[in-house]
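This report looks at salt bridges and at one residue in a loop. The structure comes first.

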Amino acid sequence: MPEKEIKLPEHEFRLLSDLIRNYCGISFDESSKFLLEKRLARRLEQRHLDNFRDYYRLLLYDRDRAEELTAVLDLITVNETYFFREQSQLQAFSDEIIPEVLASGPYGRKFRIWSAGCSSGEEPYTLAMLLLEKGIPANGLEVEIIASDINQRVLAAARRGVYRKNSFRTTQEYYIKKYFEREDENTMRIKDEVKRNVTFSCINLLDSGKMGLVGKVDVIFCRNVLIYFGQDARKAVVGGFFERLSDKGFLLLGHAESLMSITSSFSLRHLKNDMVYQKPHKSAPGYEAGAMPGFLRERTK
Ligand SMILES: C[S@@+](CC[C@H](N)C(=O)[O-])C[C@H]1O[C@@H](n2cnc3c(N)ncnc32)[C@H](O)[C@@H]1O
């Protein structure tokens with residue numbers, strides 16, 4: 001049966017997009033009105049509503065509003081991801097960042113990495129594989145990869161750890177053979193030796209209380225997340241990352257993202273394989289104040 005078409009009026013579009021932006025940072029401008037209308041129309045149908053004004057009220061006042069918001073997030077978040085995304089950045093992580101972090105800390109401490117906006121887990125599991133390739137965790141060196149997302153559905157998939165071909169579009173056969181086992185004809189399951197180093201939690205990056213629970217981390221990956229946010233939300237989230245990073249900690253964004261017009265608190269570090277942001281420490285070499293737009297960074301995907 002064809003879906004009943006319900007139009008999203010201008011006023012309700014503004015109310016709903018403000019509500020979403022204030023809650024999770026994701027910003028819808030005029031050009032994405034149709035997209036929001038299409039996506040939320042399904043919820044109206046399920047809730048037996050015939051207009052967006054009532055739906056907005058439901059999101060504000062209904063006793064099931066928390067569940068409804070979860071359903072909205074599931075419809076509006078972009079969860080595109082795959083293993084070994086942005087190779088040159090991962091190379092920088094493996095060859096330069098890991099050794100530097102390990103050299104800077106007292107031996108035997110925990111190496112903590114946060115994959116913020118981890119989607120279905122391909123990113124944090126990639127990091128876990130890269131660490132295993134370096135022999136980490138090792139005797140006397142623990143590792144903890146905290147992986148978080150706001151979307152409960154993708155987190156459930158991440159915890160399950162079963163993937164289809166699409167997730168392996170840039171994965172070398174070597175890693176598939178070593179760290180996955182066949183689940184069925186079309187899917188592969190990540191091995192426990194990788195899985196055990198990653199913990200998944202539901203964290204809204206705009207919730208400073210929950211962000212605080214993460215504790216101090218050495219490296220933050222927040223790739224292809226801020227691109228969907230409004231400017232105020234970007235500033236708030238990056239401010240939170242600054243707080244969470246240990247001294248000389250690294251922040252790695254997606255290749256189309258940068259801290260330009262967001263903050264100058266981080267330094268841009270020129271590594272051999274990529275440019276990354278670092279919580280400043282004056283004596284470190286290769287520093288440059290300010291930030292360069294992500295699109296100027298050359299990366300092979
Ligand atoms: C495009 S995916 C990026 C996945 C992975 N980082 C990568 O680069 O392949 C963006 C993820 O950010 C999550 N996200 C969006 N807003 C969020 C928020 N306020 N808090 C936490 N996660 C959020 C989405 O649910 C989605 O899974």
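A salt bridge here is a side-chain nitrogen of Lys or Arg within 4 Å of a carboxyl oxygen of Asp or Glu. The model is predicted: local features need pLDDT of at least 70, side-chain atom pairs count only at pLDDT 80 or more, and totals for chains, interfaces and linings use all residues. Residues are numbered from 1 along each chain as its sequence is written, and side-chain values use heavy atoms, without hydrogens or water.

The count comes to 17 salt bridges. Three of them are listed here.

| Pair | Closest N to O |
|---|---|
| Glu12 and Arg53 | 3.5 Å |
| Glu68 and Arg47 | 2.7 Å |

Helices (H or I, at least four residues) and strands (E, at least two) are DSSP runs, numbered from the N terminus. Buried means under 20% relative accessible area, exposed over 50%, and partly exposed in between (1.4 Å probe, protein chains only).

Glu68 forms a salt bridge with Arg47. Glu68 sits in helix α4 (residues 65-76) and Arg47 in the loop between α2 (33-46) and α3, so the bridge ties together parts 21 residues apart in sequence. Glu68 is buried at 0%; Arg47 is partly exposed at 23%.

Arg269 is in strand β9 (residues 267-270) and Glu100 in helix α5 (residues 87-104), so the linked parts are 169 residues apart in sequence. Arg269 is buried at 7%, while Glu100 is partly exposed at 26%.

Ser119 lies in the loop between β1 (111-116) and α6 (122-133). Ser119 is buried, at 5%.
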